[in-house]
Amino acid sequence: VIGQAQKTGSYTVSSLTTLFNLLYLCGGPTDLGSYRNIEVIRGNQLFKKTDLYSFLINGNRQDDILLQEGDVVKIPYCKTLISISGNVRREGKYEMKEKESFDNLLEFCGGLNDLAYKGGATIISLTDTGRKVINISKSDFNSYQLKSGDDIFISRIQNTFSNRINITGSIQRPGNYELKDGLNLKDLISN
C-alpha cells in the first residue's frame with residue numbers, strides 16, 4: 001500500500017483478501033488521500049480504479065476485487081475537496097470528481113434537512129488572491145461547477161408564516177388558525 005494511506009507498507013494477507021479488506025487494514029486514506037480514485041496496480045499496469053463513494057453511499061461492492069500476490073494499492077492525493085455545512089443531513093468534506101455538480105454533492109451528504117432553505121445556497125470560493133462569496137439559486141444547483149476549496153453553507157428557513165392568523169382573548173380556543181381567502185372575523189370566531 002503506497003500513497004496517502006494511514007499506514008503504508010507491505011501486508012501479508014490471505015488469498016481471500018479483497019481491496020476493501022486491505023483498505024480497512026491500512027486505515028484507509030488520510031485526510032489528503034482520495035476516496036474516489038484508488039488504484040490497483042497489477043504487473044506494473046493500472047488494473048483497476050476504485051471509487052469508494054459508490055460503496056460508502058450506495059453499498060455497491062462492484063469494485064471490491066480479490067487481490068493477488070504482488071498487487072500494489074495506490075491512494076493518490078484527492079484533487080477537489082468541497083466542504084458543506086448548515087442544514088444538510090451530513091455535514092463534512094466531500095471529494096468531487098470532474099463534472100460532478102452541486103446536485104451530486106447533495107446526494108453524497110444525504111440531502112437537505114427539513115428546516116433547510118431550499119431556494120439557494122451560499123458558497124465561499126477561493127480565488128488567487130483571497131475569497132469571494134457566491135449565491136446560487138436552486139435552478140443553478142445542477143449547472144454550478146464546484147471548485148476545490150469551496151465552502152458551501154445551506155441556511156435555515158425563516159421562522160415566519162405565510163398564512164397564519166392568531167386570535168386571543170375571551171374565546172374557547174385561542175391560538176393560530178389558517179388565513180384563507182374570504183375569511184372574516186365572524187367565521188374566525190366561530191371556528
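## Chain-level description

Of the contacts in the protein chain between residues at least 6 apart in sequence, 54% join residues at least 24 apart, where contact means heavy atoms within 4.5 Å. The model is predicted: local features need pLDDT of at least 70, side-chain atom pairs count only at pLDDT 80 or more, and totals for chains, interfaces and linings use all residues. Residues are numbered from 1 along each chain as its sequence is written, and side-chain values use heavy atoms, with hydrogens and water left out.

The protein chain contains 4 helices and 11 strands; these are DSSP runs numbered from the N terminus, with helices (H or I) of at least four residues and strands (E) of at least two. Its radius of gyration is 25 Å, well over the 16 Å given by the globule rule for 191 residues, so the chain is more spread out than a compact globule. That radius is taken over C-alpha atoms, and the globule rule is 2.2 Å times the number of residues to the power 0.38. Along the principal axes, the C-alpha atoms fill a box of roughly 85 × 45 × 25 Å.

Buried residues account for 35% of the 191 residues; buried means under 20% relative accessible area, exposed over 50%, and partly exposed in between (1.4 Å probe, protein chains only). The accessible surface is about 12500 Å², with 47% belonging to carbon and sulfur atoms; areas come from the Shrake-Rupley method with a 1.4 Å probe, and for residues only the protein chains shown count as cover.

## Strand pairing

Two strands pair if DSSP finds at least two bridges between them. The pairings described here are tabulated below.

| Strands | Sense | Bridges |
|---|---|---|
| S7 (residues 120–126) and S8 (residues 131–137) | antiparallel | 7 bridges |
| S7 and S9 (residues 151–154) | antiparallel | 3 bridges |
| S1 and S4 (residues 72–75) | parallel | 2 bridges |

S7 and S8 form a hairpin with 4 residues between them. Within S8, isoleucine 134 is the bridge partner of isoleucine 123, while aspartate 151 in S9 is the partner of isoleucine 124.

An open sheet of 4 strands has mixed pairing and the order S1-S4-S2-S3. Strand S1 (2–3) and strand S3 (45–50) stand at its edges with a single partner strand each, so one side of each is left without a neighbour in the sheet.

## Selected residues

Valine 40 lies in strand S2 (residues 38–42) and counts as buried at 0% relative accessibility. Beyond its neighbours within four places in sequence, its contacts include Leu19, Phe47, Ile65 and Val72. Valine 40 and glutamate 100 are 60 residues apart in sequence, with their C-alpha atoms 23 Å apart in space.

Phenylalanine 47 belongs to strand S3 and counts as partly exposed, at 43% relative accessibility. Leaving aside neighbours within four places in sequence, phenylalanine 47 is in contact with Val40, Ile41, Arg42 and Ile65. Its C-alpha atom is separated by 19 Å from that of alanine 5, 42 residues apart along the chain.

Threonine 30 is found in the loop between helix H1 (19–25) and S2. With 18% relative accessibility, threonine 30 counts as buried. Not counting residues up to four places away in sequence, threonine 30 touches Gln4, Ala5 and Gln6.
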